Amino acid sequence: MSASPAQNAPFELMGIVNVTPDSFSDGGRYLRPESALAHALELVGEGAALLDVGGESTRPGAQPVAADEECRRVIPVIEGIAAAAAGARISVDTSKAVVAQRALAAGATIVNDVTALRASPEMAELVARADAQLCLMHMVGTPRTMQHDPHYEDVVADVKRFLEERMRFAVAEGVAEERIILDPGIGFGKTTSHNLQLITRLGEIVALGRPVLIGTSRKSFIGSITGREVGERLAGTIATNVLAFERGATLFRVHDVAPLNDALRVAAAALAPAR
Ligand code: HH2
């Protein structure tokens, strides 16, 4: 039985489509456009309302990829998903305006910029002109440096202040506030304790008034708690996403769509009387 998104579900699943040789959990698996497309359509069948297509790994220590190569990886996949009209919205996971521009022309409607508009000066204007949705994520430094002894006064307050400032910047550049999604950036320049504090106190980020997206899927803090390898972190992924949902997140960026769809539907049903 295939699992479609529940009607009026209070959450949406964003299926991860990594068209990269080096992503931390599925690098190299979907490098051919045909396999990435088949995987994307499978995720829609499992209940993904959004697909996040990325051509550059952001794992700790990852090397940057040239824009041409990133386009070569993601554009055929975005075109394929759009042509299949599978019913999922397409997000492009990029911090380069040229890649975002081509992705939007190919059928994407969301730009997921892990640098929150700090990498490409033209990105804000491009998003504004296209009236695309924009995900602003918190990260300290760059993927190459972010895990070098991350330190915060109060991680939740610092992340909240950063997201507030980035949202103000985006709006000043012409992006409609209603188009903005916020993401605390789990694993991006954070220790296990920082990640756990962000999940537990996620309500403080939700209080900023925009939809909150969370990406814990298979990340290393789950491994550091459970001792599990990357392919064995589904249970930890479910636990963290259910907690984030209970605290007000509505968008969940995950590799394993079907089990997360079940888990969040049950959590939503259980919490419905209290909401
Ligand atoms: N995490 C990853 C990549 N992009 N975007 C948002 N908004 N939030 C996240 O938490 C997030 C993200 C890292 O995960 P993954 O894509 O699986 O790995 P890699 O960056 O190695 O491709």
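**Helix pairs and ligand site**

Helix α2, residues 67-84, packs against helix α3, residues 97-106, at an angle of about 15°, and their axes are 9 Å apart. Keep in mind that this is a predicted model. Angles under 35 degrees count as roughly parallel, so α2 and α3 are roughly parallel to each other. Their crossing is right-handed.

Who makes the contact? On α2 the residues are Ala67, Glu70, Cys71, Val74, Ile75, Ile78, Glu79 and Ala82. On α3 they are Val98, Val99, Arg102, Ala103 and Ala106. By class, the contact of α2 with α3 has 10 nonpolar residues, 3 charged and no polar.

The second pair is helix α9, residues 234-246, with helix α10, residues 257-271. Here the axes come within 10 Å and cross at roughly 35°. The crossing of α9 and α10 is right-handed. From α9, the contact uses Leu234, Thr237, Ile238, Asn241, Val242, Phe245 and Glu246. Facing them in α10 are Pro259, Leu260, Ala263, Leu264, Ala267, Ala268 and Leu271. That contact divides into 11 nonpolar, 2 polar and 1 charged.

Now the ligand. Which of the 18 residues around the ligand come nearest? They are Ser23, Ser57, Thr58, Asp183 and Lys219.

Thr58 has a polar side-chain atom 2.6 Å from an oxygen atom of the ligand. For Arg253, a polar side-chain atom lies 2.8 Å from a ligand oxygen atom.

Notes. Residues numbered from 1 in each chain as written. Predicted model: local features only at pLDDT ≥ 70, side-chain atom pairs only at ≥ 80, totals over all residues. Heavy atoms only, no water. Axes fitted to C-alpha atoms, helices over the stretch in contact; angles between N-to-C directions. Helix = DSSP H or I, 4+ residues; strand = E, 2+ residues; numbered from the N terminus. Parallel < 35°, antiparallel > 145°, perpendicular 65-115°, else oblique. Left-handed = near helix turned anticlockwise from the far one by under 90°. Contact = heavy atoms within 4.5 Å. Nonpolar A, V, L, I, M, F, W, Y, C, P; charged D, E, K, R; others polar. Near = heavy atom within 4 Å. Polar contact = N/O pair within 3.5 Å; in protein donor to acceptor, adjacent residues only side chain to side chain.
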